[in-house]
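Please look over the sequence and the model before reading on.

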Amino acid sequence: MKPAVLTGEHYMTGDEAIAEGALAAGCLFFGAYPITPATEIAERMSQRLFGVGGTFIQMEDEIAAMAAVVGASCAGVKSMTATSGPGFSLMMENLGLAIVMETPCVVANVQRAGPSTGLPTQGAQADMMQARWGSHGHYEIIALAPESAQEAFYETIRAFNLAEKYRTPVLIMTDELVGHMSERVVIPKKSAITLEDRPRPKGRKDRYLPFEPGPNGVPPMAAAGEGCAVHMTGLTHDAKGYPVMTVECQEQMVTRLVNKILDNRHDIFSFKEYRLEDADVAVVSYGISARTARAAVDEARQEGIKAGMLKLDTVWPFCEEKIFELAQRVKAFVTVEINLGQIHLEVMRAARGKAPCVLVGHAGGALISPEQVKAALRSI
Amino acid sequence: MTTKSNAQAIGEKQAQHPLDDLLRTDRIPHIWCPGCGIGTAFAATLTAIKDSGLDLGHTAMVSGIGCSGRGAGYAKLDSYHTTHGRAIPFATGLKLANPKLNVVVFSGDGDLFAIGGNHFIHAARRNMDLTVICVNNLNYGMTGGQVAATTPHLAKTTTTPVGNPESPFNLPLLAYASGATFIARWTIMHGRDMVESLTEALLHRGFSFVEILSPCPINYGRRNKEKPLETLKLYEEKSIIKNNANPLEITLDAEKGIVLGNFYKESRPSCIESYDRTCRPDFLEQSS
């Protein structure tokens, strides 16, 4: 049987790299429902998971897949699912449950063009705002956006680590283009991979409060079967997990859930600055479009345009301080993404009028070419 | 003075309730209405959990949304009050991730058979290692008495003001057709039978299903000219106990009779046993 960490050099798709990243992170439960272009993640997990002592199950729909993932995590097991637009819509209900029950889990969305069934086999980045606000109510979410199979491997490990550390669902917002592209992936030795586990309760079990926050705002989590008689509910609840139907409790719980992410944002953020030191124009991008943007920056530099790039590994929470800092010293922002303006609007908001913001995007189904980005850079 | 001592007496009496160790007594009083049968079904469930001898530290209760869905909130077990209709898939994940857990789903007919109907039939098909207890009160009580997938034809509810134009599911028949391997139906009037049946369901390996008929005088009875005691009389007078009955003959009808009993029991590999035998490498190695 193959080990969980397949140390070595491989040629694999982004989807497969997500599956391998999950296994390397210690994922032991995968709740699946097939959907193009994410199916290969489920297929790989169905082949690999039992061999490392885990469980794979294909559920009856994405609602059930997500519910099973949350249930498995409550039993103390690192768990995940993977989907694309239509399935992502169905998962929103229990994603909200995971947020309120503070249940660590990972959801990969290999984005395809929507709305509705859209272009099932063609990529897009148009679920970024659904990732942010797709479930009802006010909450904060963590979303990562890898640009290559190699990054997909590492970002999946990071997704599990953040999910465990902050007791929250984490989204991997990749796209069909990364998901279906085969490239070189180097998997390190197991000993070189750092893993996080959810904070665990200490002390007397009868005094344990499942929603009493620790110093970083995150409560320790007891699994079912541990003898703590935990109660969890999707209703607004107190530190015991008991429902409390008051405005005060709602304020306290929701504020803490939001601040748990926002107060720890500098630990959650990851972004890469590329040729930004002397840049006049900052290109902002993530996922597959970051590769387009990087090529455009290099080519524009050859033309004498001082372009640089801010590549977002973490898209949510949004690094608004970084954008505002750049806004003081660049002439303009160009956001490159396969949609008609989602993160672009966040860049505008964060720039607070200090620099004009331009979008290079389209409605989905194909890559953006570096030429389109260069045209925008030339016009500034 | 007398009042105080009475209160003390009541307090002491409550402290001696045989189910106290399984109840979150700090959450009592519960939300259930006077005349509602959910409390009886819930007490029977907790009694059965005790009688079955299951390790309480490894027993979890999962509920969905609705009146019966509040059950998990009162059980002093690892207990999860999940989303509407999703108790079964949540419980499936919980059980698969830790097969040592005994997982009990306690919820209502609207939750399990309308919004959650798809999950029910698939869990039954898989013979998933769960005990599903459905309190059937023939309507959506929590939201004020709307038509459900179990409401009798022509019955009045707030969303069928002139009578239900549709026909209900027969839950045990649906469970049978879907592949459940333990199937029973009782009413809250059949206390001992109900507890014995629930105990058997809890100890059954695979997917066990018990339907418990329960009155909802506030929302259903009131609109259908059925006074609280009349529903119970109906359960008493119209019920026909028929263990091992043909699933096609288990009517739930005021005219034809309310057929109750432990209808079906089958021994076949549970979902977890099937996964172990089919997918786990150590099992595959042993068999090769």
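A polar contact is a pair of N or O atoms within 3.5 Å; within protein, one must be able to donate a hydrogen and the other to accept it, and residues adjacent in sequence count only if both atoms are side-chain atoms. Between domain 1 of chain A and domain 2 of chain A, 21 residue pairs are in polar contact (both at pLDDT 80 or more).

This is a predicted model, in which local features need pLDDT of at least 70 and side-chain atom pairs count only at pLDDT 80 or more, while totals for chains, interfaces and linings use all residues. Residues are numbered from 1 along each chain as its sequence is written, chains are lettered from A and ligands numbered from 1 in the order in which they are written, and side-chain values use heavy atoms, with hydrogens and water left out.

**Domains**
- Chain A is assigned domain 1 (8-192) and domain 2 (271-379), with bounds from an automatic or database domain assignment.
- Their C-alpha centres lie 26 Å apart.
- In the contact (heavy atoms within 4.5 Å), domain 1 of chain A takes part with 29 residues and domain 2 of chain A with 25 residues.

**Salt bridges**
- Four salt bridges cross the interface of the two domains, each a side-chain nitrogen of Lys or Arg within 4 Å of a carboxyl oxygen of Asp or Glu.
- Glu147(A) and Arg294(A) form a salt bridge through their side chains, at 2.9 Å from N to O.
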